[in-house]
Every structure is written in structure tokens, then in C-alpha cells.
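Open the model in your viewer and keep the sequence panel beside it. We will go from stop to stop, selecting a few residues each time.

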Amino acid sequence: MKKISTLLVLLFLVGNAHAIELPESRNVPGGVVVVPLYLDGQAMPSATFQDRKVMVIRDNNRWLAITGIPLKLKPGEYRLTTVADGKTNHYPINVVNKKYPVQRLTIKNKRKVYPNKSDLKRINAEREEIGKAFVVWSHNPEPPLKFDLPTQGRFSSQFGLQRFYNDSPRPRRHSALDIAAPTGTPVHAPAAGTVINVGDYYFTGNSIFLDHGQGLITQYIHLSKVDVPVGMRVERGQKIGEVGATGRVTGPHLHWGVILNQTMIDPMPFVRADSLERNQAYLEQVSRNGGRKVGGS
Ligand SMILES: [Zn+2]
């Protein structure tokens with residue numbers, strides 16, 4: 001019976017070979033929303049949300065707009081705007097509340113919490129440099145919308161946490177997923193992309209930004225090692241660097257960020273179920289080995 005159902009699943013997958021894998025749509029701050037567009041033209045419509053250009057893809061015979069919802073957006077009714085054939089349309093997006101937990105951390109290096117004057121100069125210059133990666137827009141009619149986890153390990157900080165550093169509240173939330181892993185653990189590209197920024201920054205340490213097209217950017221920070229230069233095309237699964245503890249950290253981990261329409265959003269809706277299962281199996285194996293790292297990763 002199991003064999004038959006496996007076969008049926010395979011046939012189903014083959015039959016839907018052109019179906020696009022979509023992220024899990026959730027209309028919450030920090031979420032990603034997939035909006036079907038009622039437009040039958042063949043020319044790609046343009047879409048905006050909160051005055052920012054939004055990804056549009058073709059899924060069989062329909063257009064879909066895929067927009068990130070900023071963490072700071074208050075619950076309420078917003079709208080996505082499209083322009084096609086000279087006509088403007090609006091689509092309502094009703095953003096509902098999501099409660100994110102609080103996290104308190106102690107940072108031993110006080111200067112990483114209270115930077116001095118020269119640090120601030122460096123931070124401001126870097127902010128401008130990093131900001132350029134956020135606004136990259138490259139043409140790609142079929143951007144990848146499902147990701148493998150870039151490394152294996154425990155999720156040490158979820159997206160959206162309200163943080164306190166050494167009892168001082170931070171105005172910005174934790175806008176990425178932290179995966180704890182020993183220094184030197186390989187970090188792989190979760191999907192094909194192009195390296196658009198590499199740097200060693202004050203807060204984020206050794207950092208890489210990958211562009212996947214149409215405003216979908218991923219960020220890898222606190223690395224101990226960077227293997228890829230700016231401009232390099234990387235394939236899904238290619239090693240791009242190694243986990244580390246550079247920048248403002250409490251220990252080695254990968255801080256993995258996903259940016260869409262210049263907005264930091266939760267990476268989890270993009271992660272493939274089989275990648276999560278492999279990570280879970282890996283963690284269980286580690287705990288059976290008394291916490292020792294297993295395998296080659
Ligand atoms: Zn983090």
C-alpha cells in the first residue's frame with residue numbers, strides 16, 4: 001500500500017511539474033503574503049506595497065504578487081497596488097496581529113552594546129553600505145521561493161523577538177532566524193543566487209548577501225569564513241562560508257535573514273519541509289551522541 005501511495009505522489013508531482021513552490025502566506029507583521037492578481041494580460045504587471053516595488057511571478061495562467069509585511073506595521077487594512085496596461089488596481093491586505101516573545105541577552109563586549117564615537121562613525125558608514133544590498137532589484141521571472149536551511153543546528157533565536165541587551169531594550173526586533181552551530185560548520189546557499197555584498201561589519205561581523213531576483217535577498221552574518229566574492233553566481237547547495245562568532249554575538253551561530261521588498265521577513269515560510277525534517281533528524285542524532293557533533297556538517 002505504501003508503495004502505491006508513493007507512486008501516486010510521484011505521478012502527482014510529475015503531473016504538476018510546472019506548479020510553482022510558494023512560501024507559506026500569512027498576513028502578519030514579518031510575514032509574506034501571496035496575492036493572486038485578477039489580470040489576464042500576458043505582460044508582467046508592476047506591483048507596489050507601502051510604496052515599494054513588489055515581486056510578481058507567473059503561476060500557470062495567473063499572476064501572483066508576493067510581498068513581505070514589515071514587522072513594524074500595525075494591524076489593519078493595507079493595500080497592494082498593481083499597474084497593468086495603464087490600469088491601476090488595488091488589492092486589500094488585512095494585516096492581523098502576531099505576538100512575538102521577549103528575549104534577554106547578555107553581551108560581554110560592552111562596546112558592541114554601547115559603541116564609542118569612532119565606532120559610531122564606522123557603524124554609520126557601514127549602515128549605508130549594507131543599505132545598498134537591501135534595495136537591489138534584479139530581473140528574474142522565476143525567483144526561487146523555497147529554501148533549504150543554509151546550515152544545520154538548533155534554532156537559538158526565532159524571528160521577531162523583542163530583545164533586551166544587558167537589560168537595555170532594543171528599538172528593533174530580531175529580524176532573522178538564528179541557527180546555533182559550532183564555528184566552522186559549513187553554510188550553504190539555500191537556493192541559486194548572486195553574491196551582492198561581502199563585508200566585515202561592526203555588528204554583523206563577516207557577512208554575505210545573496211540576491212535571488214525581484215527584491216528577494218538573503219543575508220548570512222557572524223561568519224568565521226567567507227568563500228565567495230561579490231559578483232559570483234552560486235547554485236543551490238553550494239558552500240558559501242562557515243558559521244562563526246564575529247560581530248555582536250553571545251556565541252557561534254548563523255544569523256540568517258530574508259529580505260523581500262526591502263523588508264526583513266521571517267525565513268521560516270520559505271523553508272522546505274524536507275530540509276526541516278533533515279535538521280530535526282540531525283539534532284536528534286546529536287543529542288543521542290551526548291551533544292557531540294555528528295557527520296561531516
Ligand atoms: Zn540573530
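**Stop 1: a pair joined by charge**

Select Lys239. Its relative accessibility is 28%, so Lys239 counts as partly exposed. Bear in mind throughout that this is a predicted model.

Lys239 and Asp227 form a salt bridge, and their closest N and O atoms are 2.8 Å apart. Side chains of opposite charge can pair when their charged atoms come close.

Colour the surrounding elements next. Lys239 sits in strand β18 (residues 239–242), while Asp227 sits in the loop between β16 (225–226) and β17 (233–234), so the pair ties together parts that are 12 residues apart in sequence.

**Stop 2: a network of charges**

Select Glu21, Asp148, Arg236 and Arg272 together. Salt bridges that share partners join these residues, Glu21, Asp148, Arg236 and Arg272, into one network.

Zoom in on Asp148 and Arg272. They form a salt bridge, with the closest N and O atoms 3.3 Å apart. This pair links distant parts of the chain, 124 residues apart. Asp148 is in the loop between α2 and β8 (154–157). Arg272 is in the loop between β20 (263–265) and α3 (273–288). Are Asp148 and Arg272 buried or exposed? Both Asp148 and Arg272 are buried.

**Stop 3**

Select helix α2, residues 117–134. Show the side chains of Glu129 and Lys132, which both lie in this helix. They are 3 residues apart, about one turn of the helix. Glu129 and Lys132 form a salt bridge, and here the closest N and O atoms are 3.4 Å apart.

Check the surroundings of each partner. Glu129 counts as partly exposed, at 36% relative accessibility. Lys132 is partly exposed as well, with a relative accessible area of 49%.

How many salt bridges does the structure hold? It holds 10.

**Stop 3**

Asp178 lies in strand β11 (residues 177–180) and His255 in strand β19 (residues 253–260), so the pair ties together parts that are 77 residues apart in sequence.

Asp178 counts as buried because its relative accessibility is 3%, under the 20% cut-off. His255 is also buried, with a relative accessible area of 11%.

For reference, ideal angles at a metal are 109.5 degrees for four tetrahedral donors.

**Stop 4: an open sheet**

Switch to a cartoon view. Find the open sheet of 6 strands, in the order β1-β4-β3-β2-β5-β6. The pairing is antiparallel. Strands of a sheet pair through backbone hydrogen bonds.

Where does the sheet end? Its edge strands are β1 (32–37) and β6 (87–95), and each pairs on one side only. On average, neighbouring strands of this sheet are turned by 30° against each other, direction ignored.

Click Phe49: its bridge partner in β3 is Arg52.

Definitions and conventions:
Residues are numbered from 1 along each chain as its sequence is written. This is a predicted model: local features need pLDDT of at least 70, side-chain atom pairs count only at pLDDT 80 or more; totals for chains, interfaces and linings use all residues. Side-chain values use heavy atoms; hydrogens and water are left out. Helices (H or I, at least four residues) and strands (E, at least two) are DSSP runs, numbered from the N terminus. Buried means under 20% relative accessible area, exposed over 50%, partly exposed in between (1.4 Å probe, protein chains only). Two strands pair if DSSP finds at least two bridges between them. Axes are lines fitted to C-alpha atoms, for helices over the stretch in contact, and angles run from 0 to 180 degrees between N-to-C directions. A salt bridge is a side-chain nitrogen of Lys or Arg within 4 Å of a carboxyl oxygen of Asp or Glu.
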